[in-house]
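Here is a short report on one protein model. Please look at the sequence and the coordinates before reading on.

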Amino acid sequence: MSPDSMTPGSVRSAAEVNEQIRALWMRAGGSLSAQERAEYELLVVEWAAAIQSSVIEAA
C-alpha cells in the first residue's frame, strides 16, 4: 500500500493494520527500503490510532 492509496479518515481495525504491517515485513524479507520504511511508519501511526480508538470506545 502506498501512502497515496490511504483514504483520509478511513477507519480500519488495529488487527487489519497489524496484518498489513506483518505482510510488509514478510515481503521485505526483514529489511525495509526507504519507501517501505515510509509505508511502515504510516501503518504504525494508523495502528496506534486504531488502538487508541478501541480503548476510547471500551471506556
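Which residues form the largest nonpolar core? Six do: Val 17, Ile 21, Leu 24, Ala 28, Leu 32 and Leu 43. Helix α1, residues 14-28, gives four residues, the largest share of this core.

The model is predicted. The protein has two helices and zero strands. Of its 59 residues, 17% are buried. Its accessible surface is about 4,200 Å². Carbon and sulfur atoms hold 58% of that surface. Take the contacts between residues at least 6 apart in sequence: 51% of them join residues at least 24 apart.

Now the aromatic rings. A ring pair is described by the distance of the centres and the angle of the planes. The structure has one aromatic pair. It is made by Trp 25 and Tyr 40, with ring centres 5.6 Å apart and planes at 80°. Angles over 60 degrees count as edge-to-face, so this pair is edge-to-face.

Which parts does the pair tie together? Trp 25 lies in helix α1, and Tyr 40 lies in helix α2, residues 34-58. The pair therefore links parts that are 15 residues apart in sequence.

| Residue | Relative accessible area | Class |
|---|---|---|
| Trp 25 | 29% | partly exposed |
| Tyr 40 | 24% | partly exposed |

Trp 25 has 29%, so Trp 25 counts as partly exposed. Tyr 40 has 24%, so Tyr 40 is partly exposed.

Note on methods:
Residues are numbered from 1 along each chain as its sequence is written. This is a predicted model: local features need pLDDT of at least 70, side-chain atom pairs count only at pLDDT 80 or more; totals for chains, interfaces and linings use all residues. Side-chain values use heavy atoms; hydrogens and water are left out. Buried means under 20% relative accessible area, exposed over 50%, partly exposed in between (1.4 Å probe, protein chains only). Contact means heavy atoms within 4.5 Å. Accessible areas come from the Shrake-Rupley method with a 1.4 Å probe; for residues, only the protein chains shown count as cover. A nonpolar core is a set of buried Ala, Val, Leu, Ile, Met, Phe, Trp, Tyr and Cys residues joined through side-chain atoms within 4.5 Å. Rings of Phe, Tyr and Trp (its six-membered ring) pair if their centres lie within 6.5 Å; planes under 30 degrees apart count as stacked, over 60 as edge-to-face and the rest as tilted.
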